[in-house]
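Biologist: I am new to this structure and would be grateful for a close look at a single part of it. Could you begin with one residue and its setting, and then lead from there into the rest of the chain?

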Amino acid sequence: MPDINGRSNGNPNAGGSAFGNVATAERQAINTVIQGSASELIKVAMVLVQSRINSHPRWRQRVPKLLMQIHDELIYEVPVASEDDIVLVTEEFVAILRECMEQRVADFFHLSVPLIVNIQTSDDSWGTFKKLSITRINM
């Protein structure tokens, strides 16, 4: 079965006659479509976010760095010039993430269901991530 981007993965258990093999092949086929599609979504999101960062003048001096991608999570480090700058920079970067990951990815794949992004922030370590509750702003 193909994923959201049309890629399919051959399944050696497909077409078997033993019940266990058929059930295993069915689970693997469904799992492959789900995981493959999630992988395609996050890859496109990373490209769209980076493109948006590159095109925005504010981010030319201090570029947010993608530190890590784990399954469906992206971890960025966003430099700020001063304590006074934290809220504005955070709000602007969150707006970019939301635009790219919720709207532009959905548009790219012509999705009929909404993509909802949960964003967490931390100012000092990974152990202190907190869910971000910022109202959406337009850029």
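Modeller: Let us start with His 71, which is located in the loop between β1 and β2. Helices (H or I, at least four residues) and strands (E, at least two) are DSSP runs, numbered from the N terminus. This is a predicted model in which local features need pLDDT of at least 70 and side-chain atom pairs count only at pLDDT 80 or more, while totals for chains, interfaces and linings use all residues. Residues are numbered from 1 along each chain as its sequence is written, and side-chain values use heavy atoms, with hydrogens and water left out.

Although His 71 is not a glycine, its phi is positive, at about 55 degrees. Its relative accessibility is 69%, so His 71 counts as exposed; here exposed means over 50% relative accessible area, buried under 20%, and partly exposed in between (1.4 Å probe, protein chains only). His 110 belongs to the loop between α2 and β3 and, at 70% relative accessibility, counts as exposed.

Of its 139 residues, 30% are buried.

A nonpolar core is a set of buried Ala, Val, Leu, Ile, Met, Phe, Trp, Tyr and Cys residues joined through side-chain atoms within 4.5 Å. The largest one has 21 residues, and Val 49, Tyr 76, Leu 97 and Met 101 have the most contacts inside it. At least two residues of this core come from each of α1 (19-55), β2 (73-77) and α2 (86-109), with α2 giving the most, nine residues. A contact means heavy atoms within 4.5 Å. Beyond its neighbours within four places in sequence, Met 101 touches Ile 42, Ala 45, Val 49, Leu 74, Leu 115 and Val 117.

Aromatic rings come next. Rings of Phe, Tyr and Trp (its six-membered ring) pair if their centres lie within 6.5 Å; planes under 30 degrees apart count as stacked, over 60 as edge-to-face and the rest as tilted. By this rule there are three aromatic pairs. Trp 59 and Phe 93 form an edge-to-face pair, with 5.8 Å centre to centre and 70 degrees between the planes. This pair links distant parts of the chain, 34 residues apart: Trp 59 is in the loop between α1 and β1, and Phe 93 is in helix α2. Both Trp 59 and Phe 93 are buried. The ring centres of Phe 108 and Phe 109 are 4.9 Å apart with planes at 80 degrees, so this pair is edge-to-face too. Phe 108 is partly exposed, at 46% relative accessibility, whereas Phe 109 is buried, at 10%. Ring pairs also join Trp 59, Tyr 76 and Phe 93 into a cluster.

Finally, a word on confidence. pLDDT is the predictor's confidence in each residue, from 0 to 100. The chain has a mean of 81, and 80% of its residues reach 70 or more. Confidence is highest in strand β1 (residues 65-70), at a mean of 92, and lowest in strand β4 (residues 130-131), at 75. Over residues 135-139, pLDDT stays under 50.
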